[in-house]
Amino acid sequence: MQGEDDDWIGPWEGGAAGPGQVTRAEFVLMLRRQGIRDRRVLAAMEQGPREIFVASVGRREAYADHALPIECGQTISQPYVVAFMTEALDVAPGHRVLEVGTGSGYQTAVLAHLSGHVYSLDRYRTLVEGAAERLATLKLDNVTVKAGDGFLGWPEEAPFDRIMVTAAFPEIPEALKEQLAEGGRLIMPVGPEGGVQELRLLDKTPEGFAERRLMAVRFVPLVPGMARAL
Ligand code: SAH
C-alpha cells in the first residue's frame with residue numbers, strides 16, 4: 001500500500017523507485033535509529049526537500065547521512081546533526097529564533113517549521129540570497145534572512161527564545177549570550193578550527209547561565225566580519 005509515508009522524496013518522475021532511492025519513511029527511520037525521538041523534529045525533516053538545498057549533487061546523495069559542500073566553500077550539515085541540534089534546542093511554535101550561519105538555508109527551513117519566526121544571518125551575501133530564494137519557493141514566510149556578522153547577533157530583533165549557531169568558535173560570543181531571553185537556550189559547536197569541537201547547550205536561567213556538553217562534532221569556523229568577496 002502506498003501511504004503518505006511511502007512517497008519518494010523529491011519530485012519523482014518515474015513510476016517506480018530506482019536502486020538506492022531513499023523514501024521519506026527510510027530517511028525518518030534512519031534518524032530514529034540514531035536516537036532522534038521528537039516527533040515534531042522528525043516531521044519537519046520529513047517534509048523538507050533537502051535536495052533543493054544541495055542542487056549540485058543528486059537526490060540520492062542529498063539524503064545520505066553526511067555533510068555536503070555548498071557554495072562559498074561552506075558545508076551543509078549531515079541530517080543527523082541537523083536533527084540532533086534541533087531536538088536539543090527544544091523549539092516551540094511561538095519562539096523567536098536566531099540562526100547564525102544560514103548557509104544553504106536547510107537548517108533555517110527546519111527551524112521555520114517548528115517556531116514562530118526565524119532570523120538567520122550569514123557573512124556571505126551569495127549564500128543569503130540563495131537561501132532566501134529557496135525559502136520563498138517553500139513558501140516559508142516566517143523567516144527573515146540577511147547578510148551580517150554573527151558575532152554581533154541581531155540586536156534590533158533581540159531578545160531571542162532560541163539561538164542556533166552552525167559554525168564553530170573557541171567560545172560562545174558574548175553578544176549572543178546577551179541577546180538570549182531569560183529562559184532562553186542556545187546551541188553551538190565550541191572548539192578550534194579543524195580540531196575537536198563539541199556541541200554546547202547554554203540555558204539562560206534567573207540564576208545565570210547553565211552549560212552542558214553534548215557531543216563531538218566538526219563544523220566550519222565562525223569567522224569574524226563580513227566576507228569581502230561574494
Ligand atoms: N546551517 C547551514 C550550514 C552552515 S555552514 C545549512 O544548513 O546549510 C556555516 C555557515 O556559517 C557558513 O555559511 C558561513 O558562511 C557562516 N558563517 C561563518 N562565520 C560567520 C559569521 N561571523 N557570521 C555569520 N555567518 C557566519
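What does Asp90 count as by relative accessibility?

Tutor: At 42% relative accessibility, Asp90 counts as partly exposed; buried stands for under 20% relative accessible area, exposed for over 50% and partly exposed for what lies in between, with a 1.4 Å probe and protein chains only. The model is predicted: local features require pLDDT of at least 70 and side-chain atom pairs count only at pLDDT 80 or more, while totals for chains, interfaces and linings use all residues. Residues are numbered from 1 along each chain as its sequence is written, and side-chain values rest on heavy atoms, with hydrogens and water left out.

Asp90 lies in the loop between α4 (79-89) and β3 (96-100). Helices (H or I, at least four residues) and strands (E, at least two) are DSSP runs, numbered from the N terminus. The backbone of Asp90 has a positive phi of about 55°, although the residue is not a glycine, and this positive phi is placed just after α4.

Ten of the eleven residues of α4 are buried, so the helix is largely enclosed by the rest of the structure. The buried residues of α4 are Pro79, Tyr80, Val81, Val82, Ala83, Phe84, Met85, Thr86, Ala88 and Leu89. An α-helix has 3.6 residues a turn, so residues three or four places apart point the same way.

One partner of α4 is α1. Their axes come within 10 Å and cross at roughly 65°, where axes are lines fitted to C-alpha atoms, for helices over the stretch in contact, and angles run from 0 to 180 degrees between N-to-C directions. The crossing of α1 and α4 is right-handed; a crossing has this hand if the near helix is turned clockwise from the far one by less than a right angle, and is left-handed if it is turned anticlockwise. On the side of α1, Phe27, Met30 and Leu31 make the contact, and on the side of α4, Pro79, Tyr80 and Ala83 do so, contact being heavy atoms within 4.5 Å. By class, these residues divide into six nonpolar, no polar and no charged. Ala, Val, Leu, Ile, Met, Phe, Trp, Tyr, Cys and Pro count as nonpolar, Asp, Glu, Lys and Arg as charged, and the others, Gly among them, as polar.

Phe27 and Tyr63 form an edge-to-face pair, 5.0 Å centre to centre with 90° between the planes. Rings of Phe, Tyr and Trp (its six-membered ring) pair if their centres lie within 6.5 Å; planes under 30 degrees apart count as stacked, over 60 as edge-to-face and the rest as tilted. Phe27 lies in helix α1 (residues 24-33) and Tyr63 in the loop between α3 (59-62) and β1 (68-69), so the pair ties together parts that are 36 residues apart in sequence. Phe27 is buried at a relative accessible area of 1%, and Tyr63 is buried as well, at 4%. A search of the whole structure finds six aromatic pairs, and ring pairs link Tyr119, Trp154 and Phe160 into a cluster.

Cys72 has a positive phi of about 60° although it is not a glycine, and its place is the loop between β1 and β2 (75-76). With a relative accessible area of 19%, Cys72 is buried, whereas Asp90 is partly exposed. Another backbone feature concerns the peptide bond from Ala158 to Pro159, which is cis, with omega near 5°. Pro159 is found in the loop between β5 (143-147) and β6 (160-165).

Of its 230 residues, 52% count as buried. Among contacts between residues at least 6 apart in sequence, 54% join residues at least 24 apart.
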